[in-house]
Amino acid sequence: MSNSLVDPNNLESAMIFAEKICNTQLVPQNFRGKPADILVAMQMGKEVGLLPMQSLQSISVINGKPSMYGDALLAICKSHPDFEDIVEEGNDRKATCTVKRKGQTPTVKVFTIEQAVRAGLTSRSPVWKTYPERMLQMRARGFALRDAFPDALGGMISTEEAADYPPKDKPKNPMNIVSEKKSQVETIAEKVIEKIEVSKKTYKVFDSIKNKDSCVEFETYEDAYKLYEQKRNEILTSSAKDKNKYLQIFMQMNNELLKNNEK
């Protein structure tokens, strides 16, 4: 193209150009620092008849899908030899777009605020509440132009429409999936161990009435009761003046062990 500094037909020339401009302020934010994206955008623009810098100003990547601003879509269709006319009407409730292609029946598309609400668009983007007339107009225009001139647009949708679609979930990194599975297994294992520990019954014998925090644990009731009997007999055979009182305290301290014997 004679009015362009870059030859989009020459890959090396286009790549050098992309690298030179990728960090300039004139490049849209979504392309800044991304020469490969700039190269792809210029190629996509070339396929629909746009100059390199027009491509960068008109094409945007929304949710991983290339799209084009509604005004650029209209410009491309108007430059098509079969374009005859376009009529747009509307308000903040409804927009109608009629596109006439030579030798064909006019394509008429209507988009209403009720459709936008039903699709959840008005709650997804604040622009719908601020400029409902413009958003309805862009939806009706995009549908009409794409139906009337699919050959000219090459399947490109409007940026305004693309921005309304919810972002797709990014595929998970395989290593993250492995880590996630490992974490799940570890969590299950911890719960099983915890359950085993809870179900593992232990029997405590408080063996000193002078120190109520002193106790010995056994895995079987029989072993625990043997120590209990030993300590009880020591109290009974002692010469302590208040041994009955000590015995009662000792039994109260080991009440839980004695309850197990009743079961």
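**The largest pocket and its lining**

Modeller: α12 contributes the most to the lining of the largest pocket, with 3 residues (helices are DSSP runs of H or I with at least four residues, strands runs of E with at least two, numbered from the N terminus). The model is predicted, with local features requiring pLDDT of at least 70 and side-chain atom pairs 80 or more, while totals for chains, interfaces and linings use all residues. Residues are numbered from 1 along each chain, and side-chain values use heavy atoms, without hydrogens or water.

In all, 11 residues line this pocket, and Asp 207, Ser 208, Ile 209, Lys 231 and Ile 235 lie nearest its centre (a pocket is an open set of 1 Å grid points where a 1.4 Å probe fits, with protein on both sides within 12 Å along at least five of seven lines; lining residues have an atom within 4 Å of a point). Two or more lining residues come from each of α12 (221–236) and α13 (243–253). By class, the lining of the largest pocket holds 5 nonpolar, 2 polar and 4 charged residues. The volume of the largest pocket is about 180 Å³.

Turning to the sheet, 3 strands form an open, antiparallel arrangement in the order β3-β4-β5 (strands pair with at least two DSSP bridges). β3 (83–90) and β5 (107–112) are the edge strands, each with a single partner, so one side of each has no neighbour in the sheet. Strand β4 (residues 94–101) pairs with β5 in the antiparallel sense over 6 bridges. Ala 95 has Phe 111 in β5 as its bridge partner.

Note on methods. Grid points are joined across faces, edges and corners, and a volume is the space filled by probe spheres set on the points. Ala, Val, Leu, Ile, Met, Phe, Trp, Tyr, Cys and Pro count as nonpolar, Asp, Glu, Lys and Arg as charged, and the others, Gly among them, as polar.
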